[in-house]
Amino acid sequence: MSLEQLIEHCKKNDTKAQSQLYKLYSSKLFSLCLKYSRNYVEAEDNLQDAFVTIFNKISQYKSKGSLEGWMKRITINTALQRYRSVGVFDIVNEEQIEDVSVEIDEDAVTIDFLLIIIQELPDRYRLVFNLYALDGYSHKEIAEMLNISTGTSKSNLARARLILKEKIEQYKASINSQTL
């Protein structure tokens, strides 16, 4: 069955087609959920909620752009929805923002370690960091998505980078002390 046929069957609430669509995209969308969740269990919940929304709204998909991109936007919005109403974002003065860059020595730090320290970030920093650094959204887009100012987005990104930089430096120092 082609992707177009699969979509049409999903629009008719065909459970076999929905199951096939889930099998095709669940691993990609789950890795996306992991980025925006505090832990594995929350990521599983976000994935389930995202697929419920995808199946409920698939009739709105008009085959303009990729289905995967459409599903990714729904998945990100589903994960972000958990945080919008909780008020995890601080209002900041843009003049207080300090830009921090993080240099990562790919030989010293594993992807698994990076995922762990990103998941450990406070919600407001993790969400902005992922949207900006990993998914390429602008501060203006992030501000609109999270209902915050662009200054708050920039500040949260800078603070996330600072925390990640400190954790990476601590990790590298502990590795160096073990090899001595």
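The model is predicted: local features need pLDDT of at least 70, side-chain atom pairs count only at pLDDT 80 or more, and totals for chains, interfaces and linings use all residues. Residues are numbered from 1 along each chain as its sequence is written, and side-chain values use heavy atoms, leaving out hydrogens and water. Helices are DSSP runs (H or I, at least four residues), numbered from the N terminus.

**Helix 3 and helix 4**

- The axes of helix 3 (residues 40-57) and helix 4 (residues 67-84) come within 9 Å and cross at roughly 125°. Axes are lines fitted to C-alpha atoms over the stretch in contact, and angles run from 0 to 180 degrees between N-to-C directions.
- This angle makes helix 3 oblique to helix 4. Under 35 degrees counts as roughly parallel, over 145 as roughly antiparallel, 65 to 115 as roughly perpendicular, and the rest as oblique.
- The crossing is right-handed (the near helix is turned clockwise from the far one by less than a right angle).

**Helix 7**

- The buried residues of helix 7 (residues 139-146) are His-139, Ile-142, Ala-143, Met-145 and Leu-146. They cover an arc of only 165° around the axis, so they lie on the same side of helix 7. The arc is that of the directions from the helix axis to the C-beta atoms.
- Exposed Lys-140 and Glu-144 sit on the face turned away from the buried side. Buried means under 20% relative accessible area, exposed over 50%, partly exposed in between (1.4 Å probe, protein chains only).

**Positive phi values**

- Most residues other than glycine have a negative phi.
- Asn-13 has a positive phi near 60°. Asn-13 is in the loop between helix 1 (3-11) and helix 2 (15-36), and is exposed at 54% relative accessibility.
- Ser-63 has a positive phi of about 60°. Ser-63 lies in the loop between helix 3 and helix 4, and is exposed at 51% relative accessibility.

Methods:
Helix = DSSP H or I, 4+ residues; strand = E, 2+ residues; numbered from the N terminus.
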